[in-house]
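Please look through the structure below, a predicted model.

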Amino acid sequence: TNPVAADGIVTAVGVTFDQRWRVFLLAWDLASGALRWKRELLSGQQELNLFGYNVKELWAGTPAVADGVVYAPTGLGVLAAVDLRTGTLRWATSYDQVPIERVEYWYTTPLRFGTWAAGPVRVFGDAVLATPPESPHLLCLDRKDGRLRWREASQATRSSPYVDQLLGVANDGKRDVVLATGRSLRAYDLSTGNVAWRAMIS
C-alpha cells in the first residue's frame, strides 16, 4: 500500500500469502531506512476458487497518522490503531464485510466488487473515517477506542456505472460535515451521521 511519513517515521501496510493472507503494519526510520518495528495485525481469507487458490491480490489500504498514532486498514474487515513509535496496538475494530459467495462451478469464481472508491483512512478531530473496499459502508469511528459512531451504506450497487467516494470533511457554516459523492453529493453530520443536505449531480 501507499506509505505515509510522519514524525521521522515511514509506515505502510504489507501483506503476505501462505495458505492465508497475513496483514502487517511496518515502520521504518525516515533518515536511515532501518526497520523500527513490524506488527502483525491479523490473518484471513478473500475469495478462493474451487481448488482453494486465491483469485485476486489483497489490497489492504492506505493508513493515516495523527498525534503519534497510526490508523491502519487491513482489507480483511478490521481497522487498527497502533502507536507510531513503539508498534503497540491501541485498539482494533471489526466491521461488516460484503459477503463472500459460495463457489459452485470450477470455471468461475464469484468476486466481490467494492461500492466505495479506494481511498486512505482519514482523521478529523476525534473521528476516524474509512471506506474499506471490502465493506459496503462509510465508517465513522471514535479515535480513542475504535467504537463505531455511525456508518452509511453506499448508494452504488454491483451493477452501478459509478462507485461512491469519500471526499473529505468540511464546515458548511453550521457544522462539520463528511462529504461523499456517487449518484448525488451528500453531506453527513460528522457527529451523528445524519444527512445534513444533498445535491443531485447532473
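Glu40 and Arg22 join their side chains in a salt bridge, with 2.8 Å from N to O. This pair ties together distant parts of the chain, since Glu40 belongs to strand 4 and Arg22 to strand 3, 18 residues apart. Glu40 has a relative accessibility of 33%, so it counts as partly exposed. Arg22, at 28%, is likewise partly exposed. The model is a predicted one, and the count of salt bridges in it comes to 10.

A second pair is Asp83 and Arg90, whose closest N and O atoms are 3.0 Å apart. Is Asp83 buried or exposed? Its relative accessibility is 15%, and buried means under 20%, so Asp83 counts as buried.

Next come the nonpolar cores. The largest has 18 residues, and the members that touch the most others are Val13, Val23, Leu25, Leu41, Leu42 and Leu76. Two or more residues come from each of strand 2 (9-17), strand 3 (21-29), strand 4 (35-44), strand 6 (69-73) and strand 7 (78-83). Strand 3 contributes the most, four residues. What does Leu25 touch, leaving aside residues up to four places away in sequence? Its contacts are Ala12, Val13, Trp37, Lys38, Arg39, Leu41, Val70, Ala72 and Val82. Another core lies apart from this one; it has 13 residues, among them Ala81, Val128, Leu139 and Leu141.

The empty spaces remain. Rolling a probe the size of a water molecule over the atoms shows where such space is left. The largest pocket has a volume of about 170 Å³. Its lining includes Gln46, Trp59, Arg112, Phe113 and Glu134. By type, the lining residues of this pocket are five nonpolar, three polar and four charged.

Searching the whole structure gives one cavity of 30 Å³ or more. The volume of the largest cavity is about 70 Å³. Of the 13 residues that line this cavity, Pro73, Gly119, Thr131, Pro132 and Pro133 lie nearest its centre. The cavity lining has nine nonpolar residues, four polar and no charged.

Notes. Residues are numbered from 1 along each chain as its sequence is written. This is a predicted model: local features need pLDDT of at least 70, side-chain atom pairs count only at pLDDT 80 or more; totals for chains, interfaces and linings use all residues. Side-chain values use heavy atoms; hydrogens and water are left out. On a 1 Å grid over the protein atoms alone, a cavity is a set of points where a 1.4 Å probe fits but cannot get out, and a pocket is an open set with protein on both sides within 12 Å along at least five of seven lines; lining residues have an atom within 4 Å of a point. Grid points are joined across faces, edges and corners, and a volume is the space filled by probe spheres set on the points. Ala, Val, Leu, Ile, Met, Phe, Trp, Tyr, Cys and Pro count as nonpolar, Asp, Glu, Lys and Arg as charged, and the others, Gly among them, as polar. A nonpolar core is a set of buried Ala, Val, Leu, Ile, Met, Phe, Trp, Tyr and Cys residues joined through side-chain atoms within 4.5 Å. Buried means under 20% relative accessible area, exposed over 50%, partly exposed in between (1.4 Å probe, protein chains only). Contact means heavy atoms within 4.5 Å. A salt bridge is a side-chain nitrogen of Lys or Arg within 4 Å of a carboxyl oxygen of Asp or Glu.
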